[in-house]
Amino acid sequence: MNLPVLYCDHSASTPPHPDVIRTIAEVMEQVYANPSSIHQAGGQAEQLIRRAREVVARALNVHAGEVIFTSGATESNNLAILGSAHAHAADGKPRHMIVSEVEHASVYECYKQLEREGMEVTYILVDKNGCVQPEQIEAAIRPHTIMVSVMHVNNETGSLQPLAEIGSLLNRYPKIAFHVDGVQGLGKVPVDINQWGVDLYSLSGHKIGGPKGAGVLIRRREVPLKPLFYGGKQEHELRPGTENVPGIVGLAKAIRLAAEGQPSNYEKLVSLREQAVTHLRLLGPLVVNSPELPFAAPHIINISIPGMKSEVVVHALEERGIIVSTQSACSSKLHKPSRVLLAMTHDAAIASSGIRISLDASCSEQDIARLNAAFTEVTDQLRPLMKK
């Protein structure tokens, strides 16, 4: 008898929430006019966007005027980083930016591009838990520093960055914008943009039960940004193009549900994580890379089987109906050692064999027991094939 698929790749993408699906379907069917049109039907679409902006603002405790809708976190991160850098470049003065070594590719590659354009960039190393030390950031600050980018939750290991401490530090440098990729945090761990002093905060809908192709950039205190592309005047003249009304409305609902469910989600995920990690640590060739709580979010568990290609393990688990991943979905087809694991462990064998298990509060204890049993079978099966 074939078992149902056990999906443990929620950090790559989540199943859309049933309420979100219904909302999107209703909007697509009933409200299809262009929000920029001056007729009544266009006004109805524009009103839905306005309400969605207010829902997002309440959920994140920001002002509605600070909410910019985008196509996802990749665009949000690009707009935050490239938009800020290019806005400052207009005055011709040298500028400097700071970023952690373990950022998602949509952040990290922006900084690599800026370096190619002549921007000065400092990459901050992380400790064994994958965490940035605030004093390293302070040591890297220069008179012409304009931005610091540090993610909330690492998408590969679950490492939690000390955002409150970093934000407190940056409060002493009002000309420096604090950018946070918040994609993996909302709905799993507490989020407090105000307490952290964050100026630019990115989210993606499909990571929290919302639609793909819909995201948010929160821009606070009027951080100067230059648009990435040009056309219309939508989204505060920073994101031109006809708005994705169904996606925006569905995204707003997903953000509200994630924010409301976070406290209970956290408690359940902590319990599930403990059940999984306790078992995985007993499996001889397997190494748990994710740090212990409270240095990590509870929904991501990263492990390695040194000497074994991670793709082999992923497919062996898939044969047993269990879906996990290697590194970030955006990088999983590159067949290179994980940049994040290399930064944490400095061990190429571990970085080349990383497996990411990412859970959701919909998972059960029975699911974790099945996951543990599958890992036991796979490690026993593959042990003779491991490189010595």
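Colleague: What makes strand S10 (residues 300-304) count as mostly covered?

Modeller: Five of the five residues of S10 are buried, where buried means under 20% relative accessible area, exposed over 50% and partly exposed in between, with a 1.4 Å probe and protein chains only. Strands here are DSSP runs of E with at least two residues, and helices are runs of H or I with at least four, numbered from the N terminus. The model is predicted: local features need pLDDT of at least 70 and side-chain atom pairs count only at pLDDT 80 or more, whereas totals for chains, interfaces and linings use all residues. Residues are numbered from 1 along each chain as its sequence is written, and side-chain values use heavy atoms, with hydrogens and water left out.

Colleague: How do you know that both faces of S10 are covered?

Modeller: Ile300, Asn302 and Ser304 on one side are buried, and so are Ile301 and Ile303 on the other.

Colleague: What makes S9, S10 and S12 an open sheet, and what is the pairing?

Modeller: The three strands follow the order S9-S10-S12 with antiparallel pairing; two strands pair if DSSP finds at least two bridges between them. Strand S9 (residues 287-288) meets S10 over two bridges, with valine 287 opposite serine 304. Strand S12 (residues 354-358) is joined to S10 by five bridges, and isoleucine 301 has isoleucine 357 as its bridge partner there.

Colleague: Why is one side of S9 and of S12 left without a neighbour in the sheet?

Modeller: S9 and S12 stand at the edges and each has a single partner strand, so one side of each lacks a neighbour in the sheet. Helix H9 packs on this sheet and touches S9, S10 and S12, its direction making about 10 degrees with that of S10.

Colleague: Why is histidine 299 called buried?

Modeller: Histidine 299 has a relative accessible area of 1% and therefore counts as buried. The residue lies in the loop between S9 and S10. Setting aside residues up to four places away in sequence, histidine 299 touches Ser11, Val153, Gln184, Lys188, Leu269, Ile357, Ser358 and Leu359, contact being heavy atoms within 4.5 Å. Leucine 269 is 30 residues from histidine 299 in sequence, with the two C-alpha atoms 5.9 Å apart.

Colleague: Is serine 84 buried or exposed?

Modeller: Serine 84, in helix H3 (residues 73-89), has 0% relative accessibility and so counts as buried. Beyond its neighbours within four places in sequence, serine 84 is in contact with Leu79, Ile146, Met147, Val223, Pro224 and Leu225.

Colleague: How are strand S5 (residues 145-149) and strand S6 (residues 177-181) paired?

Modeller: S5 and S6 pair in the parallel sense over three bridges, and alanine 177 in S6 is the bridge partner of methionine 147.

Colleague: Why are H2 and H9 called roughly parallel?

Modeller: The axes of H2 (residues 40-60) and H9 (residues 245-280) come within 9 Å and cross at roughly 20 degrees. Such axes are lines fitted to C-alpha atoms, for helices over the stretch in contact, and angles run from 0 to 180 degrees between N-to-C directions. Angles under 35 degrees count as roughly parallel, over 145 as roughly antiparallel, 65 to 115 as roughly perpendicular and the rest as oblique. H2 and H9 are therefore roughly parallel.

Colleague: Which residues of H2 and H9 meet?

Modeller: Among them are Ala45, Leu48, Ile49 and Ala52 in H2, and Val245, Ile248, Val249 and Arg256 in H9. The contact divides into 14 nonpolar, no polar and one charged residue; Ala, Val, Leu, Ile, Met, Phe, Trp, Tyr, Cys and Pro count as nonpolar, Asp, Glu, Lys and Arg as charged, and the others, Gly among them, as polar.

Colleague: What makes H10 and H13 oblique to each other?

Modeller: The axes of H10 (residues 310-318) and H13 (residues 365-382) come within 10 Å and cross at roughly 125 degrees, and the two helices are therefore oblique. Val312, Val313, Ala316 and Leu317 of H10 make the contact with Ala374, Phe375, Val378 and Leu382 of H13. By class, these are eight nonpolar, no polar and no charged residues.
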